[in-house]
Amino acid sequence: MSVLSVRDLRARYSSNGPEILKGISFDVEEGDFFAIIGPSGAGKSTLIRCINRLVEPTAGTIHLRDVDVLKLGSSDLRKMRRHIGMIFQEFNLINRMSVMDNVLSGRLGYVGPIRSIFRTFQDKDIQRALELLERVGLQDHVDKRADQLSGGQRQRVGIARALMQEPNLLLLDEPTSALDPKISREVMDLIRSIATELKVPVLCNIHDVQLAKETCNKIIGLQDGNKMFDGLTPDLDQSSLEEIYAMEVL
Amino acid sequence: MQATETSLTLKDVINARHKKQRVQLCFYLFLFALVIWSVQATVIEDTDWERIGSVSEIVASVSHFFGLDIGLIPDLLAPTIETFMIACLGTLLGLVICIPAIWFGALNVTPFKPVTYPLARISMTLSRSIHEIVWALIFVSAVGLGAFAGILAIAARSLGFIAKMSAEAIENIDQKPVEAIRAMGGSNLQIMLYGILPQVLPVILGIVIFEWEINIRRSAILGLVGAGGLGLVFFRQMNTFNYPGVTTVILAIFGLILIGEVVSHYSRKALN
């Protein structure tokens, strides 16, 4: 049984705009670290945002552990989203808040309005936030403001925040594009080891084909909204890469 | 040669420059004529030249205002404090009534755009297009003479600026934290509290301090229409032709505004 099953997914941003996704289908299995590669503008970010409906698809189906994602009402959608961790290219942290508050904000989906106003989180949440910060190597930066950290450190806060949600799926939107090559590898290694440890499947947009091959066990290649490749990482050869990036070769 | 079809010759460039200069000259001539006409209509025709008298008489009239009325100073303390309090409480009340206006007036958070957005924008324009003296007149007739009318007038006049600038700050926020909180299942309230407010709070605070500084100026004259503070004393000195007293009150206003500017400058600096 697949964790995530996407069928004939189509998306466009306005009714007369161009179609960004032109019928994408794929399955993510338990334990998969799934990479989505492709040139800029291929629809990678749109695809990943359709999974948690930050972008509303125009057609197709998405099933997440037998839940029909596209049929959820707004309250059920929020309940589903709190189990999907998301890590962003630009980290998307709350800059003026402390590292601790940023990590704790990962629990917001579980916290009521009154507690949100006063930022009172349960002791066990604070305990877990501390453990996660230690796991990502930021135990010495708990009370710093998020905008005082370096890029790699900020992405680690982003990882801890996503894990705070106790996710059963991780969506990664170009998690390393804003980082230098060395830090990129460290961050990807960290995400992979945590995902393996917690047995969370991962769906990851990534620019860097080499890094994708090193980290991921399955790869989808997108080009202009069409799926050009879908298979195991070792099967991705030069000819399939040329097909995916055809537009850039021309 | 393909290039010559699109490239400009020297003559074209010179002609274009001359044409631009002619247009500019016409514009300046028009502006000059407008100024002459305004002076003619408002100053030359509209002034009662007979009453001004000679230059020495003008100097004599102005010199009435030289000198201070030292005896007045003890009586100025209470109105000065009152003016200051009107500015503080008025700004605070203005901020409170601003909150719905900011929420409704920012396009990206307004709850029901076709109704709430125009409502907020109209209230902002109304607040700013009515002068504080007119607001004070309205509130004096509503709640009677005294500082309370002044506080209400300052609050009503502050809404426009604070709400407009704050709503614009909300419209210009970085959407990335908002996206993150939406992605983790956050409600609209949580998006507001965690995604938007931390970004705009320092900006709004800066706007409020700036408005408070302006409000000290405003509250100093509200007494002219009976809404309390230094303006009332000023009005009394003027009516009794005590010109050194007028100068004393003006100095007190000046001192108060100076304090406001210094506090405003340093507190806004501390925000960044």
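User: Let's begin with a strand. How many residues of strand S9 of chain A are buried?

Analyst: Happy to start there, and please keep in mind that this is a predicted model. Strand S9, residues 218-223 of chain A, is mostly covered, with six of its six residues buried.

User: Which residues point one way from S9(A), and which the other way?

Analyst: Lys218(A), Ile220(A) and Leu222(A) point one way, while Ile219(A), Gly221(A) and Gln223(A) point the other way; all are buried.

User: How should I read the pairing of this strand with others?

Analyst: As a general idea, strands of a sheet pair through backbone hydrogen bonds, either parallel or antiparallel. S9(A) shows both kinds of pairing: strand S3 (residues 33-37) of chain A runs parallel to S9(A), joined by four bridges, and strand S10 (residues 226-232) of chain A runs antiparallel to S9(A), joined by six bridges.

User: How many residues lie between S9(A) and S10(A) in the hairpin?

Analyst: Two residues lie between them, and in that turn Asp224(A) has a positive phi of about 50°.

User: Now a sheet. In what order do the four strands of the open sheet in chain A come?

Analyst: The order is S2-S1-S4-S5, with antiparallel pairing. Strand S2 (19-28) and strand S5 (67-68) of chain A are at the edges; each has a single partner strand, so one side of each has no neighbour in the sheet. For S2(A), look at strand S1 (residues 4-12) of chain A: seven bridges join the two, running antiparallel. Leu9(A) stands opposite Ile24(A) in this pairing.

User: What should I look for in a nonpolar core?

Analyst: In soluble globular proteins, nonpolar side chains tend to be buried together. Here the largest nonpolar core has 127 residues, and Val103(A), Val202(A), Cys204(A) and Ala153(B) touch the most other members. Helix H8 (residues 147-171) of chain B gives this core its largest share, 15 residues.

User: Which residues is Val103(A) in contact with, leaving aside its neighbours within four places in sequence?

Analyst: They are Ala129(A), Leu132(A), Leu133(A), Val157(A), Ala160(A), Arg161(A) and Met164(A).

User: And a contrasting case: why does His18(B) count as exposed?

Analyst: His18(B) counts as exposed because it has 10 C-beta neighbours inside 10 Å, and the cut-off for exposed is 12 or fewer. This residue lies in helix H2 (residues 10-44) of chain B. His18(B) and Ala120(B) are 102 residues apart in sequence and 49 Å apart in space, C-alpha to C-alpha.

User: How far apart are the C-alpha centres of the two domains of chain B?

Analyst: The centres of domain 1 and domain 2 of chain B lie 45 Å apart. The domain assignment places domain 1 at 1-41 and domain 2 at 77-271.

User: How many residues of chain A and chain B are in contact?

Analyst: 22 residues of chain A are in contact with 18 residues of chain B. On the chain A side, helix H2 (74-81) and helix H4 (113-118) are the elements that give two or more residues. That side divides into nine nonpolar, seven polar and six charged residues.

User: What confidence values go with the model?

Analyst: Where pLDDT is low, the predicted coordinates should not be read in detail. Chain B has a mean pLDDT of 90, with 98% of its residues reaching 70 or more. For the complex, the predictor gives an ipTM of 0.88 and a pTM of 0.79.

Definitions and conventions:
Residues numbered from 1 in each chain as written. Chains lettered and ligands numbered in written order. Predicted model: local features only at pLDDT ≥ 70, side-chain atom pairs only at ≥ 80, totals over all residues. Core = buried A, V, L, I, M, F, W, Y, C linked by C-beta atoms within 7 Å. Buried ≥ 20, exposed ≤ 12 C-beta atoms within 10 Å, placed from the backbone. Contact = placed C-beta atoms within 7 Å. Pairing = 2+ DSSP bridges. Domains from an automatic or database assignment. Nonpolar A, V, L, I, M, F, W, Y, C, P; charged D, E, K, R; others polar. pLDDT = per-residue confidence, 0-100.
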